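Thanks for asking me to look this one over. Here are my notes, in the order I made them.

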Amino acid sequence: MKKVQITQELFFSIMKYFLLDEEELLPEIKKGLEQKLDALVMRELYTKYKTAPTEQEKEEARRKYLDKRGVPGSFRW
């Protein structure tokens, strides 16, 4: 099982939310976790691009990575 690191600030917000019932922290926690999830997805797509066994899989992973990154089609090679 892989480990995921989060910022200390996000960790403390999660702790306060669950241990001290500070409900107002929920939007901040959701935003932080969504950013982390996006970063994990981007890393996974990049890894697939770099380690794909065939050129077709490599190109598909590259396209998905650039789409997710928001690079316009006219700017790509």
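1. **Ground rules.** This is a predicted model, so bear in mind that local features need pLDDT of at least 70 and side-chain atom pairs count only at pLDDT 80 or more, while totals for chains, interfaces and linings use all residues. Residues are numbered from 1 along each chain as its sequence is written, and side-chain values use heavy atoms, with hydrogens and water left out. Helices here are DSSP runs (H or I, at least four residues), numbered from the N terminus.

2. **How α1 meets α2.** Helix α1 covers residues 8-19 and helix α2 covers residues 26-51; their axes come within 10 Å and cross at roughly 140 degrees. (Axes are lines fitted to C-alpha atoms over the stretch in contact, and angles run from 0 to 180 degrees between N-to-C directions.) That angle makes α1 oblique to α2. On the scale used, angles under 35 degrees count as roughly parallel, over 145 as roughly antiparallel, 65 to 115 as roughly perpendicular, and the rest as oblique. The crossing of α1 and α2 is left-handed, meaning that the near helix is turned anticlockwise from the far one by less than a right angle.

3. **Who makes the α1 and α2 contact?** From α1 come E9, L10, S13, I14 and Y17, and from α2 come L26, E28, I29, G32 and L33. Contact means heavy atoms within 4.5 Å. Sorted by class, these residues give 6 nonpolar, 2 polar and 2 charged. For the classes, Ala, Val, Leu, Ile, Met, Phe, Trp, Tyr, Cys and Pro count as nonpolar, Asp, Glu, Lys and Arg as charged, and the others, Gly among them, as polar.

4. **A look at F12.** F12 sits in helix α1. (Buried means under 20% relative accessible area, exposed over 50%, and partly exposed in between, with a 1.4 Å probe and protein chains only.) F12 and K31 are 19 residues apart along the chain, and 14 Å separates their C-alpha atoms.

5. **How α2 meets α3.** The axes of α2 and α3 come within 8 Å and cross at roughly 155 degrees, and these two helices are therefore roughly antiparallel to each other. The crossing of α2 and α3 is left-handed. On the α2 side the contact is made by D38, V41, M42, L45, Y46, K48 and Y49, and on the α3 side by K58, A61, R62, K64, Y65, K68 and R69. The class count for this contact is 7 nonpolar, no polar and 7 charged residues.

6. **A39, for reference.** A39 belongs to helix α2 and is partly exposed, at 41% relative accessible area. In sequence A39 and E57 are 18 residues apart, and in space 21 Å apart, C-alpha to C-alpha.

7. R62 is buried, at 8% relative accessible area, whereas E59 is partly exposed, at 40%.

8. K64 and E60 pair up at 3.4 Å, N to O; they lie 4 residues apart in helix α3, about one turn of the helix. K64 is partly exposed at 39% relative accessibility, and E60 is partly exposed at 37%. D67 and R63 form a salt bridge at 3.5 Å, N to O, again within α3 and 4 residues apart, about one turn of the helix. D67 is partly exposed, at 42%, and R63 is partly exposed, at 39%.

9. **D21 in the loop.** D21 is found in the loop between α1 and α2. It has a positive phi of about 55 degrees although it is not a glycine. For background, most residues other than glycine have a negative phi. D21 counts as exposed, at 57% relative accessibility.

Note on methods. Salt bridge = Lys/Arg side-chain N within 4 Å of Asp/Glu carboxyl O.
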